[in-house]
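Hi there,

Here is the structure I promised to pass on. Please have it open while you read my notes below.

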Amino acid sequence: RNENQCSFMEYRTMKVVYRKYASLYFILGVDSDENELAVLEFIHHIVETLDQYFENVCELDIMFNIDRAHMILDETIANGQICESNRTRALAPIAMIEKAATK
């Protein structure tokens with residue numbers, strides 16, 4: 001799809017919502033009753049959080065630090081629901097681990 005087309009489509013019983021940021025593609029499959037714009041906002045939130053942690057996140061940052069990317073997602077999502085929308089709080093456990101590792 002080109003940039004002028006919408007960023008979500010229905011596939012079988014699910015909705016596929018995606019967004020491209022620079023060279024990164026974020027693709028989520030959600031229930032058909034989920035709000036597409038809220039999912040796009042969530043993708044934006046994840047990108048901003050990753051950007052805050054990695055400072056201009058790119059695919060190499062995620063590839064070589066997949067554990068940290070997973071930790072950020074785990075702090076943000078629990079049981080398929082958004083549980084933390086504050087970027088500072090989502091990044092706090094990683095900061096504590098890095099602080100303990102430098103001692």
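Which element gives the most to the lining of the largest pocket? Helix H1 does, with eight residues. A pocket here is an open set of points on a 1 Å grid over the protein atoms alone, with protein on both sides within 12 Å along at least five of seven lines, and lining residues have an atom within 4 Å of a point. Helices (H or I, at least four residues) and strands (E, at least two) are DSSP runs, numbered from the N terminus.

Before going on, please note that this is a predicted model, where local features need pLDDT of at least 70, side-chain atom pairs count only at pLDDT 80 or more, and totals for chains, interfaces and linings use all residues. Residues are numbered from 1 along each chain as its sequence is written, and side-chain values use heavy atoms, leaving out hydrogens and water.

Back to the largest pocket: 23 residues line it, and Leu28, Phe42, Ile77, Gly80 and Ile82 lie nearest its centre. Strand S3 (24-31), helix H1 (36-54), helix H3 (66-76) and strand S5 (81-82) each supply at least two lining residues.

The second largest pocket has among its lining residues Arg1, Tyr18 and Tyr25. Strand S2 (residues 14-21) gives the most to this lining, with three residues.

Finally, look at Phe54 in helix H1. Phe54 is buried (under 20% relative accessible area), because its relative accessible area is 13%. Leaving aside residues up to four places away in sequence, Phe54 touches Asp61 and Asn65, where contact means heavy atoms within 4.5 Å.

Enjoy exploring!

Methods: 1 Å grid on protein atoms, 1.4 Å probe; cavity = no way out; pocket = protein on both sides within 12 Å on 5 of 7 lines; lining within 4 Å. Buried < 20%, exposed > 50% of the residue type's maximum accessible area, 1.4 Å probe, protein only.
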